[in-house]
Structures are given as C-alpha cells and as structure tokens.
Amino acid sequence: MAESRQQEYWAKRETAYRGAYAFHEVLAVFRDPLEGRNTLLGDMEWLAGEILGEDIALRMAKLDESIRRKYVLEMPVPDRYYRDCVARWSDDRYALDKRFVRLTLLLDQGEDEQGPRSYRTSETFYDLREILARIPEQAVVLLGPPGSGKSTLLRHFELDNARAVLAGRTGGGLSPLTFFIQLNDYKPMPSDTLLPPPKDWLAQRWAAQYPDLPTLDTLLRQQRMTLLLDALNEIPYASAESIQRWKAFLRELARDYPGNWVIFSCRDLDYSTSLSSKELPVPQVRIEPLSDAQVQSFVHVYSPEYGAALWQNLQGSPQLKLLRSPYYLKLLIEQTVAGEIPTGRAALFTGFVRQALRREVERDNALLQPDELLHERDVQRLIQARWRTPFELPERGVLIPELAELAFAMQARQTTNEALQIRIAYDDALASIDHVRAEDILKAGGALGVLEQDLGRDEVLYVHQLVQEYFAARHLARQPQAELVQQEWRAHHIMPRLQSTLDELADADPLPPLPNTGWEETTVLAAAMAPNVDRFITDLKATNLSLAGRCAAQPEVTVSEALKEELRRALVQRTQEPMADLRARIAAGLALGELGHPLFSRCEGSRGSYLLPPLLAIPGGTYLIGSDEGLYEDEAPVHGVEIEPFAIAQFPVTNAEWTLFMQAGGYEDERWWETEAAQAWRRGEGTAEGPKQSWRENRKFYRANLDTIHQWQQQGRIAAQEAEGYKEIARMSDDAFEALLREWYPEGRQTQPAFWTDNTLNHPAQPVVGICWFEARAYCAWLSAQTGQTFRLPTEAEWEAAARRSQHRRFAFGDEFDAAHCNTFETHIRRATPIGVFPGGATPEGLADMTGNTWAWTSSLYNPYPYDLTDGRENLLTKDARRVVRGGSWDAPWVYARTTFRYHYTPVNRSYDLGFRCLMRPSPSGS
C-alpha cells in the first residue's frame with residue numbers, strides 16, 4: 001500500500017511540474033502521502049505562503065531534494081534489487097562451501113596491552129557476519145593468499161544479505177543493502193588526471209549501477225549500507241598516497257555516517273600500507289589455509305572417485321602447502337584422471353588450460369580447429385596428451401602466445417599506474433593483440449574460460465587475477481625482466497621509513513611487509529616455466545634476493561645445488577646486515593627457511609631425517625644469576641650457581657625441525673614420552689583439564705585481589721588492558737567462564753602444535769610455538785636417539801648463564817633495551833620472526849633470540865630463589881607443578897625479556913608465543 005501511494009505521489013508531482021494542477025491540488029499532493037509526517041509541515045506552509053507570483057514548477061524543483069531526502073528515499077528498496085543480487089552470485093563459478101571456510105579475527109587489545117596475555121588476541125569464525133557482530137569498528141580488511149576466496153566471500157556476504165531480506169529475516173527497521181565493487185576500477189574520470197575522493201567515486205558507481213534506488217549518501221545516513229570493496233591490492237595508483245585517501249574516507253564515514261560497514265579484501269603479502277591508524281583501527285580478518293583434515297574432506301566430497309588417491313598423494317607432499325585453498329583444489333580435481341597431482345601451481349594452471357583446449361577441440365569449436373589459432377600439430381598433441389614438460393602448451397599456433405602477450409601487456413599497465421587485474425577496453429585489447437584474428441583470439445579465450453567480456457562496459461578481463469598472472473608469466477619466462485621486481489632493502493632508502501610505518505599502525509596491526517611491485521606472483525610462476533631456470537633466478541637475485549630464494553624453493557623448480565648454496569649464503573648475510581630494513585631481514589629469513597638454513601645439518605637417523613642445530617659451547621664455572629633491581633621479588637637475591645660445561649642450540653627449535661619430528665611419528669611413538677604424566681598427555685588425558693584448572697585458580701586469585709591488580713597496574717607491572725582482562729575474567733559468570741575455557745582448550749589427543757595451522761606462526765623459519773613442556777621433552781628424547789647424543793631442556797640457571805655469561809648482561813645483547821635488537825611487544829611485529837634476523841640482538845657469543853621472539857621452556861620447577869640443584873626443582877617426575885619459562889616473547893613487554901625475569905606455566909600450557917631450545921650435556925645429578 002505504501003509503495004502504491006509513493007508511486008501516486010510521483011505521478012502527481014510530475015503533472016504539477018507541468019503547471020496543470022491548481023494550487024490546492026499541489027498541496028494535496030504533499031498532504032496525502034505525507035500524512036502524519038509533521039516534519040514537512042513547514043515546507044508546505046512555506047509553499048502556501050510563497051507560491052503566488054512564482055512559477056509552480058520552479059517552486060516544486062526547489063522543494064524536490066528536501067522531499068526526496070525527508071520522505072521518498074525512505075521507501076523500501078524494491079525486491080528486484082535483492083533478487084538481482086541472488087541471481088548474480090548464484091552462478092556455479094561463485095559457489096562457496098562454508099564447510100571449508102575458517103576466518104581468524106585479530107583483535108585490537110589497545111595501546112597499553114602488554115605482557116603475558118590473560119585472554120587470546122584472536123578468534124576464529126566461519127562467517128563474515130559473525131565478525132561484524134563481534135567488533136565495534138565500522139571497517140575490517142579481509143586478508144588471504146592468492147586463490148584463498150576473498151572475492152567469493154564478499155560476494156556471498158551480498159548473496160546471504162539479499163536472501164535474508166527476501167525471507168524477512170532482517171528484523172525491524174529499514175532493510176540493509178550491500179554494494180560489491182572491485183577496486184581495480186578506482187581511477188580518474190576520463191576528463192581528469194586526479195583520483196576522485198573515494199566517497200564521490202563510490203556514489204557515482206552506485207548511481208550508475210542502481211539509478212532507481214536512493215543515493216549512496218542517503219543510504220549511508222540511514223545506516224543501511226555495507227560496502228564490499230574487493231581487492232585493495234589491485235587499486236590503480238596503488239601507493240601509500242592512494243591508501244591514505246581510503247583511510248580518510250574511513251574517518252569521514254566514522255564521523256558523518258556511523259552505523260554502516262566497510263569490508264575490504266586484499267592479498268596478505270600486498271597489504272604493506274595499513275588502513276589502520278591509532279585513532280581508527282581497522283581489524284584484520286585472515287582467511288586461514290585449509291587444514292589437513294579440511295583438504296582431505298574437500299577432495300573426498302568433490303572427487304568421490306579419486307579423492308582417496310588425491311589425498312594419499314597430497315599428504316606430506318611439498319604441493320600440499322601450495323594447494324590449501326578451495327580454488328586450487330577445484331582446479332586440481334577438474335583435471336585429475338587417476339588422483340595424480342601437479343608439480344606445483346604453474347603445472348596446475350597449465351593442466352587447466354590443456355583441459356580447456358582439449359574440451360573445445362573435442363566439441364568441434366570452429367575457433368579451435370586446425371588453422372592459425374591452433375596448428376594441426378597442436379591439435380594432435382592435445383588429443384594425444386603428449387607433453388615434454390609439465391608446463392608445455394601448444395604454441396605453434398598464435399592463440400596461446402597472443403593470450404600470454406595480452407596478459408603481460410595488461411599487467412604492464414600498472415607501471416603507468418594501472419591496476420594489477422586489468423579491465424581493458426575491447427578496442428584496446430584488439431590493438432594490444434595486433435593480429436588479423438584478434439577478435440577470434442578474444443572469443444577463443446572466452447570459450448576456454450580464461451577471458452570474459454563485460455558487454456555493458458565494452459571491456460575485456462581475465463576471469464581471475466591468478467589466471468592473468470599465469471599467462472603473463474608464460475611471456476615473462478621467455479623474456480625475463482628482473483627489473484620488474486626491483487625492491488629496495490637498505491633502511492635509509494625505503495620510504496616511508498620503518499618508524500613512520502610503526503607510528504601509523506593501530507596497536508593490533510602486525511608490521512606489514514615491504515611494498516611489493518605487483519609482479520611477485522607472476523615472477524614466481526615464471527621461474528618454474530623459464531627455459532633456463534638458473535639464469536632466471538641468478539638475474540633475479542640481483543634485484544630481489546628474497547624473491548629469488550622463494551622462487552628457488554618451489555617444488556616444481558629445478559635449480560642447481562651450487563645456486564641454492566649461493567642463495568643461502570646471500571640470504572644469511574642479508575638477515576645479519578645491520579643496514580638492512582627489518583622488513584627486508586624478515587623477508588630474507590622467510591626465504592631462507594624455505595630453502596633450508598645452511599647452519600642446520602640435515603641428517604638421516606634410525607628414525608628418519610632430522611636437522612642438527614648449530615650449537616655453542618658454554619664453559620663451566622660459577623655464574624651469578626638473579627637480580628636485586630627490586631622489580632620482581634622472585635628474581636632476588638643475586639647468587640652464584642656452579643654450572644657444568646654444556647652446549648646450547650644457537651636458535652630456538654624451528655617449525656622445520658619440528659616437521660621432521662612429526663613425520664617420524666613423534667606423537668605416536670611412546671618411547672619419547674618418558675614419564676607417566678607425559679604418556680598420559682600423549683594419550684589425550686589432561687590436555688584440557690590441566691590448563692583449565694590453572695585458570696580456575698587464577699580466577700579465584702583475581703576475584704580475591706582486585707585491589708592488588710589495581711596496584712600492579714599503578715606500579716607499571718601490568719598494563720591497563722591486561723588489568724581489565726583480569727577484572728573481566730573475575731566478573732564472568734561461572735558458565736561464561738567455563739565456555740571460554742572450552743574454547744581455549746579443546747579436549748582430546750593432540751598430534752601437532754596448538755598453532756600448527758596458523759599461517760602467521762607456522763613458517764619453516766619461525767620458532768615452533770604452541771608446544772607444551774611434555775612435547776618439548778619428547779622432542780629432546782627423539783633427537784637424542786637420532787644423534788646418539790644427550791639433548792634436553794636447559795635448567796633455568798643454565799639458560800641464564802648462557803644469556804648473561806660473566807658480564808651479567810641485563811639483556812642478552814647488553815644492558816640497555818633496544819626494540820630494534822629484538823622481537824618484543826615494543827617492536828610491533830605481533831608474531832614470531834624467523835630465527836636470527838636481529839643482528840644486534842644476539843649475545844656477543846652468537847646466541848640468537850634469547851631476548852624476545854618466543855618464551856623458552858626450561859626443565860626447572862618454579863621454586864623460590866636461591867637456586868639449588870639438589871632441592872627437587874629439577875625433578876622431572878613432579879606432575880602438574882608450574883615450570884619456568886625464560887626470555888620474553890613477541891607478545892610481552894621489554895621488562896619480561898630481561899635475562900633475569902622468571903615466568904612460569906603449567907606443563908600442559910601451549911601458548912602462541914611459547915617454544916623451546918635444546919641443550920646438549922649429560923643430565924645433572926638428582927634429576
């Protein structure tokens with residue numbers, strides 16, 4: 001009824017514009033549909049008083065915008081808008097199986113949040129709508145690797161919203177709207193050279209797409225809009241300046257249009273300029289790679305015939321790490337004929353194109369019969385599937401070379417400030433191909449499913465950025481241009497400077513990587529397909545060392561061992577270069593982890609492969625431990641301890657080392673779990689109840705000592721946010737607290753570290769975290785059996801002796817704290833760094849990461865000082881009692897990273913910043 005009255009109003013208004021209505025009839029036009037809306041009475045009185053002597057059409061025009069704003073634009077959006085959304089995103093190519101979606105929200109804990117956390121700083125979700133309901137901010141950025149489904153998630157957000165509105169499930173008030181738009185089209189208008197303000201650009205695009213709907217400004221004021229802004233990394237003019245425009249837009253939105261939402265998506269490695277600021281945080285939502293169980297389930301669900309064979313071939317393979325996304329797995333399933341897997345991503349895309357070509361040939365597609373596009377020999381090889389390499393395509397005809405040339409030319413536009421995934425005008429595409437059969441080539445690309453044409457805008461684009469990059473990589477492999485990925489690594493040459501970047505970050509934001517060129521993924525694919533791989537990577541080494549290491553580490557790339565060793569040495573040198581920007585050192589460390597660190601010896605033992613870590617000798621003698629600074633009572637008094645000689649690992653145990661323990665069946669072989677308590681933990685007994693009980697005890701303390709917590713905060717011993725966390729736990733109901741514990745500590749047997757599938761913590765070069773005391777000791781027992789030596793955890797006295805030596809250093813690197821020398825909360829990295837990337841942070845003797853990065857388990861019980869080896873504190877059979885951890889972490893403040901600081905956890909704790917390092921020496925007496 002309301003809609004028909006609005007339509008009647010507009011019909012009468014148009015007649016009134018033509019002057020056909022008498023004055024009283026004009027008033028009736030307003031009075032009828034606006035009955036009861038007193039806000040317009042003033043306008044009607046003004047019209048009545050002023051109309052004489054003035055043209056009615058002119059007067060109506062003056063009132064037009066006011067009327068639209070106050071009444072007409074509050075009308076319900078026609079159902080056809082929502083039906084169009086459903087129709088648009090219900091196509092099979094946008095399908096989303098939510099069983100294979102896992103999202104991690106990084107929570108901003110506030111600027112003062114420091115120290116061992118009282119609650120987790122991330123949460124897991126399976127739907128974007130759940131995340132928006134969880135956070136107070138108006139904007140989030142969805143991050144994920146290439147092919148992880150970022151765009152699909154945004155499309156399905158719009159699809160789910162439309163379905164909910166049509167089903168009447170949106171509750172009271174005005175129905176919500178969404179606007180999905182790809183940011184690769186954010187560029188100046190044809191008549192201008194400057195980028196438009198984001199809000200103006202969005203408003204123009206909204207009006208062009210939905211001319212019959214209210215303006216974007218109106219909908220924002222009505223708090224009805226969720227903007228779905230896809231592919232931040234594809235913004236033309238993708239510089240810090242353009243990102244600043246969007247940051248300004250978010251500030252404007254928060255100030256003038258509260259109650260709306262913005263969801264950006266971006267490739268994680270390209271998110272080098274954060275949308276966040278200290279004043280306006282933009283939380284990050286990570287799309288997690290599929291776990292082993294999810295990959296196994298996926299291939300069984302979508303390939304019932306070959307799922308078992310696929311999983312058997314994928315399990316434990318280097319390819320598994322590369323294919324942990326629905327996009328890649330679907331490509332794999334579509335081309336497998338017996339469960340075989342490709343050598344890597346370049347081979348995967350090659351197989352996709354081969355399959356598409358053969359399909360169209362067998363369908364007798366006239367464009368793909370033997371002629372200029374596909375040579376007769378090409379067709380024969382397609383039908384017979386005769387290929388010399390995993391990357392070979394039929395290229396005697398012009399089709400594949402021209403598609404590669406087109407993709408490269410389109411991507412090269414970014415060097416003149418265009419987007420990465422280009423929408424190119426149809427006529428420009430024809431000109432770029434520059435062949436008499438150009439139109440047929442574009443049509444053939446569409447038939448193969450690699451190109452699509454937007455007829456409404458008369459544009460051509462590749463169906464996915466990855467497909468465009470693959471074809472561009474084919475061109476780049478044959479005509480290398482290493483200068484395309486030229487990246488500066490010296491700190492004084494990089495703008496903005498590291499400190500400026502840190503100053504702009506919201507507190508929860510991790511340190512972003514160095515800005516990319518946009519050619520990195522293309523180069524990685526090209527390296528695999530290059531005719532001379534060694535030459536390709538050698539040239540690359542001079543312009544982007546870390547990327548060269550990453551290319552050489554791919555499972556489908558065959559590089560000479562001499563070049564690998566050269567890359568390893570260069571990467572080690574880069575991680576130790578004081579003049580290198582921290583982000584460059586981190587990138588070098590990550591590449592080194594994929595290639596294999598040269599200081600670790602890969603050996604074969606009786607139970608499979610293992611990595612022997614470099615060891616540093618610590619001489620025996622009397623060492624002073626403890627502190628009389630008065631900061632913490634449990635550090636006092638300073639006292640001497642007699643230490644026998646030992647050797648300690650130069651680095652904490654890494655994920656690369658732990659991987660071999662798992663592959664050797666470390667969690668299944670009970671021999672490494674030497675005590676009754678350890679064996680019970682391995683069986684799944686007490687894996688959750690132990691830490692839960694510890695938290696129940698903590699909660700009792702919090703409830704009884706709220707004043708003490710406040711005093712700690714006033715003394716600077718804990719942060720304000722940490723204090724609030726303790727108080728929040730104290731105020732929780734028993735049911736809410738137990739629900740929180742169930743989320744933190746799942747029941748049952750554990751067969752991998754707690755954060756093994758966390759893409760920010762599971763890189764081969766990072767220290768392994770999420771390791772309980774029993775797991776750490778099991779690894780030492782396994783390594784001892786492999787090497788014939790005795791490895792174990794250090795005592796806390798041995799750990800401190802190694803960190804301080806006879807100089808009694810306050811930190812492992814000296815007496816004065818420097819955030820540039822270690823990974824603590826102040827460094828703002830917000831995750832574990834690759835081992836050994838702080839050249840100024842090692843001890844003078846060469847021990848790395850003793851200050852910060854990850855806490856290290858010791859063998860010692862948390863007993864009062866003075867330390868006495870014979871008083872039972874090294875009894876390994878004591879159950880449940882807390883064990884000392886040392887060194888601080890990336891998530892703890894500098895005061896906890898002092899060499900004398902003692903923290904403690906229950907032996908079953910598996911924190912995201914808790915690892916260990918090994919010591920080699922006979923066990924002390926009494927243990």
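A residue counts as buried when its relative accessible area is under 20%. In this predicted model, Phe916 has a relative accessibility of 1%, so Phe916 is buried. Trp658 is buried too, with a relative accessible area of 0%.

These two residues form a ring pair. Their ring centres lie 6.1 Å apart and their planes meet at 85 degrees, so the pair is edge-to-face. Trp658 belongs to helix 27 (residues 655–663), while Phe916 sits in the loop between strand 21 (914–915) and strand 22 (919–920).

## Aromatic cluster and charges over rings

How many aromatic pairs are there? The count is 51. Ring pairs join Trp658 and Phe916 into a cluster with Phe661, Tyr667, Trp673, Trp681, Tyr779 and Trp782.

Charged ends also sit over rings. That of Arg902 lies over the ring of Tyr865, 4.1 Å from its centre. That of Lys330 lies over the ring of Tyr302, 5.9 Å from its centre.

## The largest cavity

Rolling a probe the size of a water molecule over the atoms shows where empty space is left. Searching the whole structure gives four cavities of 30 Å³ or more. The largest cavity holds about 90 Å³ of space.

Its lining is made of Leu96, Lys98, Val101, Tyr126, Asp127, Leu128, Arg129, Leu153, His156, Phe157 and Asp160. Helix 6 (128–134) and helix 7 (150–166) are the elements that give two or more residues to this lining. Helix 7 has the largest share, with four residues. By type, the lining of the largest cavity has six nonpolar residues, one polar and four charged.

## The second largest cavity

The second largest cavity has a volume of about 60 Å³. Which residues line the second largest cavity? They are Tyr328, Arg345, Phe349, Leu466, Glu521, Val524, Leu525 and Gln554.

Helix 15 (345–362) and helix 22 (520–529) each supply at least two of the lining residues. Helix 22 gives the most, with three residues. The lining of the second largest cavity divides into five nonpolar residues, one polar and two charged.

## An enclosed helix

Helix 34 spans residues 796–804. Nine of its nine residues are buried, so helix 34 is largely enclosed by the rest of the structure. Charged side chains are part of this set: Glu796, Glu798, Glu800 and Arg804 are among the buried residues of helix 34. Trp799 is buried there as well, along with Ala797, Ala801, Ala802 and Ala803.

Just after helix 34, Arg805 takes a positive phi of about 50 degrees.

## Cysteines

A disulfide is a covalent bond between the sulfur atoms of two cysteines. The structure holds zero disulfides. Cys85 is buried, with a relative accessible area of 1%. Cys822 also counts as buried, at 1% relative accessibility.

## Backbone exceptions

Most residues other than glycine have a negative phi, and most peptide bonds are trans. Several sites here depart from that pattern. A cis peptide bond joins Ala636 and Pro637, with omega about 0 degrees. Pro637 sits in the loop between strand 14 (621–625) and strand 15 (639–643). The bond from Tyr865 to Pro866 is also cis, with omega near 5 degrees. Pro866 lies in the loop between strand 18 (855–861) and strand 19 (883–886). Tyr865 is also the residue whose ring lies under the charged end of Arg902.

Positive phi values occur in loops too. Gln223 has a phi near 60 degrees and lies in the loop between helix 9 (216–221) and strand 5 (225–230). Is Gln223 buried or partly exposed? At 47% relative accessibility, Gln223 is partly exposed. Asp434 has a phi near 50 degrees. Its place is the loop between helix 18 (426–433) and helix 19 (438–448). Asp434 is exposed, with a relative accessible area of 65%.

Notes
Residues are numbered from 1 along each chain as its sequence is written. This is a predicted model: local features need pLDDT of at least 70, side-chain atom pairs count only at pLDDT 80 or more; totals for chains, interfaces and linings use all residues. Side-chain values use heavy atoms; hydrogens and water are left out. On a 1 Å grid over the protein atoms alone, a cavity is a set of points where a 1.4 Å probe fits but cannot get out, and a pocket is an open set with protein on both sides within 12 Å along at least five of seven lines; lining residues have an atom within 4 Å of a point. Grid points are joined across faces, edges and corners, and a volume is the space filled by probe spheres set on the points. Rings of Phe, Tyr and Trp (its six-membered ring) pair if their centres lie within 6.5 Å; planes under 30 degrees apart count as stacked, over 60 as edge-to-face and the rest as tilted. Buried means under 20% relative accessible area, exposed over 50%, partly exposed in between (1.4 Å probe, protein chains only). A charge sits over a ring if NZ of Lys or CZ of Arg is within 6 Å of the ring centre and within 35 degrees of the ring normal. A disulfide is a pair of cysteine sulfur atoms within 2.5 Å.
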